[in-house]
Amino acid sequence: MHGYYIWTIGCQMNKADSERLESALDQMGMSPTESPQTADVIVLNSCVVRQSAEDKVVGMVTSLKPLKQEYPDKVVALMGCMVGPKTDKLRKRFPYVDVFMRPQEFQPLIEMLGERMDIDTDGCVGQLVARAEVTTYIPIIHGCDKFCTFCIIPYRRGREVSRPVEDIVREARLLAQRGVREVTLLGQNVDSYGHDLPEAPDLGDLLEAVNEIEGLDRIRFLTSHPNDMSDHIIEKVASLDKVCEHINLPFQAGDDNVLASMRRGYTNDGYRRKVEEIRERIPNVSLSTDVIVGFSGESDAQFQKTQELIRDIRFDKVHTAAYSTRQGTIADRTMTDDVPHEEKQARLKSLDALQESISREINSTYLDRTVEVLVEGRKRGRWYGRNRNDKLVYFDADIDVKGRMLDITIEDTSPWSLQGSLAPVLARS
Ligand code: SF4
């Protein structure tokens, strides 16, 4: 039996890719190991969205050099966004790496392992599916066409390529048969799903098809773009019973000039109108967002617009990041990263404090309410799961309740989670 070790950094897309590769390696008769030292195959799934992530990947690849020199039979693979269309530079820099794979390109590794292990891998790549956990991710669209000026993704993951509806439905059905109860349909911009397919189905059509699958209880989708979240998609989220009432809708900055220099394609006002429309049609929806502070040229007055938007909209969750230039982006070529580091940190701190108080208030409204939780597992000695609005809920139970849909009565709340206990009737299913 051969062992593999996969190290992953970055976004949910990367995590989903790693899960699919794990599943393929399992099918080939391999098993996961605890460390690179005990593995025959070591895969590093890289991310370059931030410089700090890229630095960690470089540190990790470099640290494997002595191991590979001592055990030359170990296979070392580097995959993900760090591997661009040309690998010449990477090959020169890391000559001891055996395989370089772009995101979703698992073939080179699987074929190499198939040859070494003398097993037939035909069909293995074509049938890559996610791991059958209680909840799992299904990539539906790869790449991005938006070219926001700060973002490296379109250069590394390429232009948008949607998977056919039938492929996704087949995978979701198979997962449901294996016990998966919730799937998250994944992409850099899921709202633009389907435009490149022959019949041009949209995300709403796909949600409708996945909603029909027996055994599946919940469907989520990640990430949305305000310009592509159409009436049809909103209507399907509102009307389909399995689609959860939670939307991650990044706004990135509150000032119109900053939004224009980010090339986001909408204004502060346009974003607010989109949120109003969503809330009108899906009354119990929860919203999260992504924000960048300290983008090139962002003044304090412009940053205040971001604060104002967060204060007005009252998101359930805000993912904040300080801007840092990524080499190769439009911003890197044409703008200056001129907001001082200390200023970016101060803005982050003030946004995080504001959001903490909003999340605290929103979550406190759950006190004494009973919510339906899909139990994902155990963490810090307690069971945990999420409600339909994506709230993390902790509770205790004496029996194994993983994978069950339970009613939990909320007894305590914090800005980050809800804590409760089993409602009188233990199991809903
Ligand atoms: S929408 Fe913009 S930020 Fe999101 S992946 Fe595409 S280019 Fe990057």
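Residues 24 or more positions apart supply 71% of the contacts in the chain with a separation of 6 or more. The model behind this figure is predicted. Of the 429 residues of the chain, 39% count as buried.

The overall dimensions come next. A compact globule of 429 residues would have a radius of gyration near 22 Å, and the chain has 22 Å, which agrees. Along the principal axes, the C-alpha atoms fill a box of roughly 60 × 60 × 45 Å. The chain holds 14 helices and 18 strands.

**Domains**

Three domains divide the chain: domain 1 (3-117), domain 2 (135-364) and domain 3 (370-427). The centres of domain 1 and domain 2, taken over C-alpha atoms, are separated by 28 Å. Their contact takes 13 residues from domain 1 and 12 residues from domain 2. On the side of domain 1 that touches domain 2, helix α1 (residues 12-27) gives the largest share, five residues. The residues of that side of domain 1 are six nonpolar, four polar and three charged.

**Helix α2**

Helix α2 covers residues 51-63. At 1.5 Å a residue, its 13 residues should span 18 Å; the end C-alpha atoms are 18 Å apart, which agrees. Which residues of α2 are buried? They are Glu54, Val57 and Val61. Seen down the axis of α2, the buried residues fall within an arc of 60°, so they line one face of the helix. An α-helix has 3.6 residues a turn, so residues three or four places apart point the same way. The buried residues of α2 pack against β3 (41-46) and β4 (75-80). On the other side of α2, the exposed residues are Ser52, Asp55, Gly59, Thr62 and Ser63.

**Two residues and their surroundings**

Isoleucine 42 sits in strand β3. Isoleucine 42 has 26 other C-beta atoms within 10 Å; the cut-off for a buried residue is 20 or more, so isoleucine 42 is buried. Leaving aside neighbours within four places in sequence, isoleucine 42 is in contact with Tyr5, Pro36, Leu64, Lys74 and Val76.

Aspartate 256 belongs to helix α10 (residues 256-262). Is aspartate 256 buried, exposed or partly exposed? Aspartate 256 is partly exposed, with 16 other C-beta atoms within 10 Å. Not counting residues up to four places away in sequence, aspartate 256 touches Thr267 and Asn268.

The table sets sequence separation beside C-alpha distance for two pairs.

| Pair | Apart in sequence | C-alpha to C-alpha |
|---|---|---|
| Isoleucine 42 and lysine 89 | 47 residues | 21 Å |
| Aspartate 256 and valine 83 | 173 residues | 34 Å |

**Backbone exceptions**

Most residues other than glycine have a negative phi, and most peptide bonds are trans. Leucine 222 and threonine 223 are joined by a cis peptide bond, with omega about -5°. Threonine 223 lies in the loop between β10 (218-222) and α9 (231-239).

Alanine 200 has a positive phi of about 50°, although it is not a glycine. The loop between β9 (182-186) and α8 (203-211) holds alanine 200. Alanine 200 counts as exposed, because 11 C-beta neighbours lie inside 10 Å.

Arginine 314, a residue other than glycine, also has a positive phi, near 55°. Arginine 314 is placed in the loop between α12 (300-313) and β13 (317-322). With 13 C-beta neighbours inside 10 Å, arginine 314 counts as partly exposed.

Terms used:
Residues are numbered from 1 along each chain as its sequence is written. This is a predicted model: local features need pLDDT of at least 70, side-chain atom pairs count only at pLDDT 80 or more; totals for chains, interfaces and linings use all residues. Helices (H or I, at least four residues) and strands (E, at least two) are DSSP runs, numbered from the N terminus. The expected span of a helix is 1.5 Å times one less than its number of residues. A residue is buried if 20 or more other C-beta atoms lie within 10 Å of its own, exposed if 12 or fewer, and partly exposed in between; C-beta atoms are placed from the backbone. The arc is that of the directions from the helix axis to the C-beta atoms. Two residues are in contact if their C-beta atoms, placed from the backbone, lie within 7 Å. The radius of gyration is taken over C-alpha atoms; the globule rule is 2.2 Å times the number of residues to the power 0.38. Domain bounds come from an automatic or database domain assignment. Ala, Val, Leu, Ile, Met, Phe, Trp, Tyr, Cys and Pro count as nonpolar, Asp, Glu, Lys and Arg as charged, and the others, Gly among them, as polar.
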